[in-house]
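Me: I'd like to go through this model by its contacts. Can you keep it short and give the cut-offs as we go?

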Amino acid sequence: QVQLVESGGGLVQTGGSLRLSCAASGRTFSGYAMGWFRQAPGKAREFVAFISWSGTAYYTDSVKGRFTISRDNAKNTVYLQMNSLKPEDTAVYYCARRSGNSGNYYYTGAYDYWGQGTQVTVSS
C-alpha cells in the first residue's frame, strides 16, 4: 500500500511564497514519478507539475517560472516550491504517484495514488 500526505498549505498574500511537501510511505518512492495537481472551487482538477524518478520536471504554462517541483528520495518526499503566488493559484493541491503504466504526465488517469490535499489560499 502507498500513502501520500500533503502539508505546507496556508494563506498568503499575493506575491508570497509557500512550499508544499508530500510525504510518501513505502520503499518504492524513488522508483516512481510524481505529480502535483490542484482543484479550485467549482473547477476540475488540473495538472500543475511533474517530476520523473530522475528529476526531470514539467509544468503547466501558468506556473512556469514561479513554481519548482523537486524530490528528496532519501526522505520519500516531493516538494512544490511556489513563488510569486497569485489569487488564481488558490486551490486544494494534491500530490499523486505516477502509475507504472504508460500515460501522459498531465492526465489524472496516469496516477494511481493520491494524497488528501492541502489548501492554498492567496489573498488579493
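Me: What kind of model is it, and how are residues numbered?
Reply: This is a predicted model, in which local features need pLDDT of at least 70, side-chain atom pairs count only at pLDDT 80 or more, and totals for chains, interfaces and linings use all residues. Residues are numbered from 1 along each chain as its sequence is written, and side-chain values use heavy atoms, with hydrogens and water left out.

Me: OK. How many disulfides does a search of the whole structure find?
Reply: The search finds 1 disulfide, a term used for a pair of cysteine sulfur atoms within 2.5 Å. Cys22 and Cys95 form the disulfide, with 1.9 Å between their sulfur atoms.

Me: Where do Cys22 and Cys95 lie?
Reply: Cys22 is in strand β3 (residues 18-24) and Cys95 in strand β9 (residues 91-98), so the pair links distant parts of the chain, 73 residues apart. Helices (H or I, at least four residues) and strands (E, at least two) are DSSP runs, numbered from the N terminus.

Me: Which hand does the disulfide have, and why?
Reply: The torsion about the S-S bond of Cys22 and Cys95 is about 55°, so the disulfide is right-handed.

Me: And is Cys22 buried or exposed?
Reply: Cys22 is buried, at a relative accessible area of 0%. Cys95 is also buried, at 0% relative accessibility. Buried means under 20% relative accessible area, exposed over 50%, and partly exposed in between (1.4 Å probe, protein chains only).

Me: Switching to charges. How many salt bridges does the search find?
Reply: The whole structure has 5 salt bridges, each a side-chain nitrogen of Lys or Arg within 4 Å of a carboxyl oxygen of Asp or Glu. Arg38, Glu46, Arg66 and Asp89 are linked in a network of them.

Me: What are the distances at Arg38?
Reply: For Glu46 and Arg38 the closest N and O atoms are 2.8 Å apart. For Arg38 and Asp89 the closest N and O atoms are 2.9 Å apart. Arg38 lies in strand β4 (residues 34-39) and Asp89 in the loop between β8 (77-82) and β9, so this pair ties together parts that are 51 residues apart in sequence.

Me: How accessible are those residues?
Reply: Arg38 is buried, with a relative accessible area of 4%, and Asp89 is buried at 1% relative accessibility. Glu46 is partly exposed at 36%.

Me: What about Asp112, which residue does it form a salt bridge with?
Reply: Its partner is Arg97, and the closest N and O atoms of Asp112 and Arg97 are 2.8 Å apart. Asp112 sits in strand β10 (residues 111-114) and Arg97 in strand β9, 15 residues apart. Asp112 is partly exposed at 33%, while Arg97 counts as buried at 9% relative accessibility.

Me: Last topic, rings. How many aromatic pairs are there?
Reply: The search finds 9 aromatic pairs. Rings of Phe, Tyr and Trp (its six-membered ring) pair if their centres lie within 6.5 Å; planes under 30 degrees apart count as stacked, over 60 as edge-to-face and the rest as tilted. Phe37 and Phe47 form an edge-to-face pair, 5.7 Å centre to centre with 75° between the planes.
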